Amino acid sequence: MNPSLNVVRHNVDSLFDSLWEAALKTRVAQAFRSNLHWEDLMKVLKHETGMLIRTVPYREMLQLRDDRKDPVKASWMRNKGNEMVRRGVEHFIEAIHKYNESITYSEQGSEERALAYANRSIVCLQLRRYEDCLTNIRLARESNYPERMAEKLAKRELKARQMLQQPNNVAAELTEQEQEQLVLSYPAHENMAQVANCLELQRNAKYGRHVVTNRPLTVGDVVMIDAPFVKLLGDGFRYVLCAYCNRETPCTLIPCEGCSLAMYCSEECLSKAHQQYHRYECGIIRELWRISGSGPVITLRTVALTIAAFDYDLLALGEHLASLDESSVNLFAMDWKSATPKDNVSAVHVLSTNQQHRRRKDQAYHVFVATLLHDLALQRTELGSICGTNLEKRRLLLDLFVRYMQIMQCNTQELASLAYNMPLPWYNSVGYGTGCYPLISMLNHSCAPNVTRITLPDGRCAIVVVRPIAAGGQLFDFYEIHHLHQDREERQTSLQSMYHFRCDCEACLNDYPGPEYLQEGDIFVSNILTEYFMHQESIFRDPKKAKQMMAKLQALLKRIAGKYPDFEACECQQEFVRCFQRVYSYTLTTTKYKMDGNR
Ligand SMILES: C[S@@+](CC[C@H](N)C(=O)[O-])C[C@H]1O[C@@H](n2cnc3c(N)ncnc32)[C@H](O)[C@@H]1O
């Protein structure tokens, strides 16, 4: 073992790299030389990694700390927030972020918490969010607001109430949005309300499972609307969106009392999250994010949901999985209308792991991270008491971590919303989280896709056709890798390392144009695109206008889609999708507030 490992500060990736070079590589090579079946090989890998981790002071190397409430940090963050609201600075949304951070670090019922709520109420007043101002005043009082300052709060309350009574009180822009409801364009399968009945699941050697249509599909058709089995809020959104329902409620978020990370829009969301999964991640989620990013966090959450589906009976879960004939689980033949949480577990359990295509180092990496996760979860979460000293339960838990690490790597997708994106007066797609959608996971990739994903405000995801698909044709999604965003070499490398296949889609075979293709100042043949770009800002401000423009772009795209990848067809497709998002997806308002000088 390299002694320098003890002094260097690591994250999970760098720690793995060091251990791989120092010891694991040789041990894994020996195991591979013995020509074991892959299942036995995995057992060896788990054993070797477990042994190694026991000999390495990984907690010190990763500088792991307990996630505790911290009044000093809470106070520091609140002061940072106060700096943001000073006259002349007035960065109110940033101030809300800091107050939220202060709230998550503060102890329940503490004066520090009360002061942070009270300060948040001042910002709400500035933002003309009078109802929210009153909510924060109530929260401050419930949290031991000091008597000596009670008068200030009373005055603020009076002002908010007066403002609410004024007839011309302009509703602040951070309001709930009325959203158009999206429905499938064709009748659904009898057993699956989420999928149009023209779609079929097929399987072949090249693509594995894949989805084809038995009728021609046209631009704008909505053919799937799937719900996530698991979703995870992105790290940058924890002080803006509810960690459970993902609603944008920065001014009234309340904290989890167990960790300094999760915030919710209501007691109801807090309690649902806790019951369903958060109790199994609360003790380690902050540190897990810090040392390893989202992959292990969503893996832990998936495992927690899986165990919850079996009423926390790990042995029953183990029996269920052992008796599951993976090859016989057909996600399109399942009766989703009467599916129980246990059936949902089966659906996720049979998603692709790519186990056989993974290289040694990649396999060892997943086992390594899963082993760390296992160790931490047993020590610092309720999973410890669920497993106790029962070796069978502990082994099953490790197996689940390894498998779901692999499944999550190739079956999660971005949850996207629109957000105002300066310096252009422009709305762009912004990923606010990740999720795993079992039915959508049946779609394969193309760098020139014929369908796109639209995240709906309730977290479901719709599949919308963006290029015509003939009867018998395959539906191709894109795994955030597109010929208009990256050149071919880069795409192929990413797809190989993340998804373990060599892409030979039409864009890769025909070397379709790359990121430089769509440039500002292009001249369009169609005046629809010219009109769109001239009025883009006002179109996006008003969902009704966006809907009208969406229909025009859809009609144009139907006419010119055959010319793809002609630049007008590419541009039209992109802008059609953007309008579609504006109409049916979620539009974050906080960023816009920020850009407009917070007013
Ligand atoms: C989300 S799954 C798609 C469904 C998968 N085919 C299955 O059988 O479960 C992603 C995996 O499908 C395979 N895949 C996706 N697109 C592909 C393509 N264009 N060619 C070959 N394999 C592909 C890769 O193994 C990838 O990791």
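This is a predicted model: local features need pLDDT of at least 70, side-chain atom pairs count only at pLDDT 80 or more; totals for chains, interfaces and linings use all residues.
How many bridges pair strand S10 with S11, and in which sense? Select S10 (residues 451-455) together with S11: the two pair in the antiparallel sense over five bridges.

**Stop 1**

For a landmark across the pair, pick threonine 452, which stands opposite valine 464 in S11.

Now select strand S3 (residues 222-226), which also pairs with S11 in the antiparallel sense, over four bridges. Here the landmark is methionine 224, opposite isoleucine 463 in S11.

Is S11 enclosed or open to the outside? Five of its five residues are buried, so the strand is largely enclosed by the rest of the structure. In a regular strand, side chains alternate between the two faces of the sheet. On one side of S11 are Cys461, Ile463 and Val465, and on the other are Ala462 and Val464; both faces are covered.

**Stop 2: the four-stranded sheet**

Select S4, S8, S7 and S13. In that order they form an open sheet, and the pairing is mixed. Strand S4 (230-233) and strand S13 (587-588) stand at the edges with a single partner strand each, so one side of each has no neighbour in the sheet.

Within the sheet, look at strand S7 (residues 412-420) and strand S8 (residues 427-436). They run antiparallel and are joined by nine bridges.

The loop between S7 and S8 holds tryptophan 426. This residue has 14 C-beta neighbours inside 10 Å and therefore counts as partly exposed.

**Stop 3**

Move to the loop between helix H21 (543-560) and H22, where proline 565 is found. The peptide bond from tyrosine 564 to proline 565 is cis, with omega near 10°.

Select glutamate 90, in the loop between helix H4 (71-85) and helix H5 (92-105). Its phi is positive, about 50°. Glutamate 90 counts as partly exposed because it has 15 C-beta neighbours inside 10 Å.

The other is asparagine 354, in the loop between helix H13 (341-349) and helix H14 (360-380). Asparagine 354 has a positive phi of about 60°. With 17 C-beta neighbours inside 10 Å, asparagine 354 also counts as partly exposed.

**Stop 4: the ligand shell**

Select the ligand and the residues around it. Which residues are closest? Of the 19 residues that surround the ligand, the closest are Gly208, Arg209, Ser352, Asn444 and Tyr499.

Colour the shell by secondary structure. Strand S2 (208-213), helix H16 (391-411) and strand S9 (444-445) each supply at least two residues. S2 gives the largest share, three residues.

Colour the shell by residue class instead, and there are eight nonpolar, nine polar and two charged residues. Coloured by domain, the shell draws at least three residues from each of domain 3 (199-227 + 416-588) and domain 4 (233-412).

**Stop 5: domains**

Finally, colour the whole protein by domain: domain 1 (17-56), domain 2 (71-168), domain 3 (199-227 + 416-588) and domain 4 (233-412). The centres of domain 1 and domain 4, taken over C-alpha atoms, are separated by 25 Å. Their contact takes 10 residues from domain 1 and 12 residues from domain 4.

On the domain 1 side of this contact, select helix H1 (12-33) and helix H2 (38-55), each of which supplies at least two residues. H2 provides the largest share of that side, six residues. By class, the domain 1 side divides into seven nonpolar, two polar and one charged.

Definitions and conventions: Residues are numbered from 1 along each chain as its sequence is written. A residue is near a molecule or strand if its C-beta atom, placed from the backbone, lies within 6 Å of it. Ala, Val, Leu, Ile, Met, Phe, Trp, Tyr, Cys and Pro count as nonpolar, Asp, Glu, Lys and Arg as charged, and the others, Gly among them, as polar. Domain bounds come from an automatic or database domain assignment. Two strands pair if DSSP finds at least two bridges between them. A residue is buried if 20 or more other C-beta atoms lie within 10 Å of its own, exposed if 12 or fewer, and partly exposed in between; C-beta atoms are placed from the backbone. Two residues are in contact if their C-beta atoms, placed from the backbone, lie within 7 Å.
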